[in-house]
Amino acid sequence: MSLNVDISRLMSRLEILSGFNATPGKGITRFSYSPEDREARKYLEALFSSMGLKTTVDGAGNMRARLEGSDPGAPAVLSGSHIDTVLHGGKYDGAVGTLGAIEAVQAIMESGLPRRCPLEVAVFAEEEGSNFGSTLAGSKALVGKYTLAHMEKLKTPEGKSMAGLLREGGYAPESMADNLLRPETIKAMVELHIEQSVVLESRGVPVGIVEAVAGIRVLEIRIRGVPNHAGATPMTLRQDPLAAGARLMGTIEDLAKKSATGSTVATVGKILCRPNVSNIIPEEVTFTVDIRDVQDAGIESVAAGIEKAAEALAASRDVSVDVVHISESAPVLLDGHIAGVTETCARRRNFRYARMNSGAVHDACMFAPLVPTGMIFIPSKGGRSHVPEEFTGKEDIGKGVSLLADVLYELSK
């Protein structure tokens with residue numbers, strides 16, 4: 001087998017795609033269903049057409065481009081990612097996986113090697129959640145997790161619904177019920193993505209084979225005390241919710257570090273303090289806790305520890321503490337066979353690789369419960385992502401796409 005990807009061609013396309021941008025000079029901003037997104041999609045549609053791929057677009061805006069195999073009735077091997085970004089994001093997140101899938105399929109086409117199964121490239125809509133605050137909205141609609149009712153309820157800060165934006169863009173969200181993914185038509189799904197963390201770079205490894213994606217539980221901690229004068233209230237007579245919250249934040253960090261699974265992380269990411277005045281002891285402090293692990297036990301252990309610590313804190317500091325569960329998603333195990341095929345292909349190319357987990361969610365998570373699914377990671381410089389400084393080197397992209405091409409071909413035989 002000899003598959004040769006054209007990395008210069010891919011990098012050129014990456015530059016073109018990054019030009020569809022609402023914030024030139026301030027990172028990449030390309031929200032789903034925006035004018036920039038429409039222009040980017042026109043570019044991709046033209047690219048698919050030039051390759052002889054048949055393109056379809058569903059009612060949520062997900063694009064799929066298909067190259068038939070020798071057996072048109074065989075299930076397809078699917079690859080792809082997203083092209084939407086966060087505000088002032090980078091040009092590699094999602095885009096590398098999308099354009100990498102296109103390049104991998106083109107390399108397979110140009111090789112002339114025989115294959116039985118069709119190949120499909122997917123471009124998923126609204127992965128980042130930048131419009132509505134809900135990640136993976138396009139792929140959730142594709143697999144039936146989001147119905148028309150959900151799309152009517154999801155709103156932008158300006159009050160526009162997902163369904164409304166779709167209709168304005170010429171899509172038909174009402175049609176999604178008739179266009180859901182049929183698992184029997186997909187043999188495998190493989191997504192290439194930048195790692196968005198420091199693991200690969202810290203190990204000096206160019207390729208990651210993802211085995212699981214972390215589940216997430218988000219809590220909101222609300223601590224209420226008694227507001228008072230910052231200078232006139234003795235330290236021993238205070239009911240300070242912010243001081244109490246600081247103690248609890250330290251406990252949360254300790255709980256995650258000491259988790260028995262060894263893979264739990266916990267993050268306090270959003271803090272609100274009222275009245276937020278320098279010379280007043282606060283009345284109320286609210287903060288979020290994001291707990292992640294590839295094992296349910298790790299999430300449960302840290303969440304239970306937070307509940308216990310909150311009760312003790314309320315008693316010892318004479319404040320009220322409420323722990324509110326906001327949202328959660330279960331850990332996702334990826335397909336062991338696809339991971340094995342990926343490992344075999346990496347060894348053939350003499351690529352160093354690491355078996356690893358993903359702490360971030362991806363479109364692949366929506367497919368894993370339905371069809372065999374795998375993921376390939378490539379390094380992010382400094383672990384930076386969702387910022388203008390996001391960067392993955394040309395050589396690492398080339399290795400990731402070469403490996404993806406090999407895996408897609410092996411699965412399509």
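**Salt bridges**

Modeller: Glu39 counts as partly exposed, because its relative accessibility is 38%. Keep in mind that this is a predicted model.

Biologist: Which residue does Glu39 meet in a salt bridge?

Modeller: Lys42, with an N to O distance of 3.3 Å.

Biologist: What about Asp37, which partner does its side chain meet?

Modeller: Arg41, in a salt bridge at 2.8 Å, N to O. Asp37 and Arg41 are four residues apart in helix α2 (residues 35-50), so about one helical turn lies between them.

Biologist: Are Asp37 and Arg41 buried or exposed?

Modeller: Both are buried.

Biologist: Changing topic: what does Glu103 pair with?

Modeller: Its side chain forms a salt bridge with that of Arg9, 2.8 Å from N to O. This pair links distant parts of the chain, 94 residues apart: Glu103 belongs to helix α3 (residues 95-111) and Arg9 to helix α1 (residues 7-18).

Biologist: Why does Arg9 count as buried?

Modeller: Because its relative accessibility is 18%, and buried means under 20%. Glu103 counts as buried too, because its value is 0%.

Biologist: How many salt bridges are there in the whole structure?

Modeller: A search of the whole structure gives 31.

Biologist: Back to Lys42 and Glu39 for the record, what was the distance?

Modeller: 3.3 Å, N to O. Elsewhere, salt bridges with shared partners join Arg224, Arg274, Glu283, Glu284 and Asp322 into one network.

Definitions and conventions: Residues numbered from 1 in each chain as written. Predicted model: local features only at pLDDT ≥ 70, side-chain atom pairs only at ≥ 80, totals over all residues. Heavy atoms only, no water. Salt bridge = Lys/Arg side-chain N within 4 Å of Asp/Glu carboxyl O. Helix = DSSP H or I, 4+ residues; strand = E, 2+ residues; numbered from the N terminus. Buried < 20%, exposed > 50% of the residue type's maximum accessible area, 1.4 Å probe, protein only.
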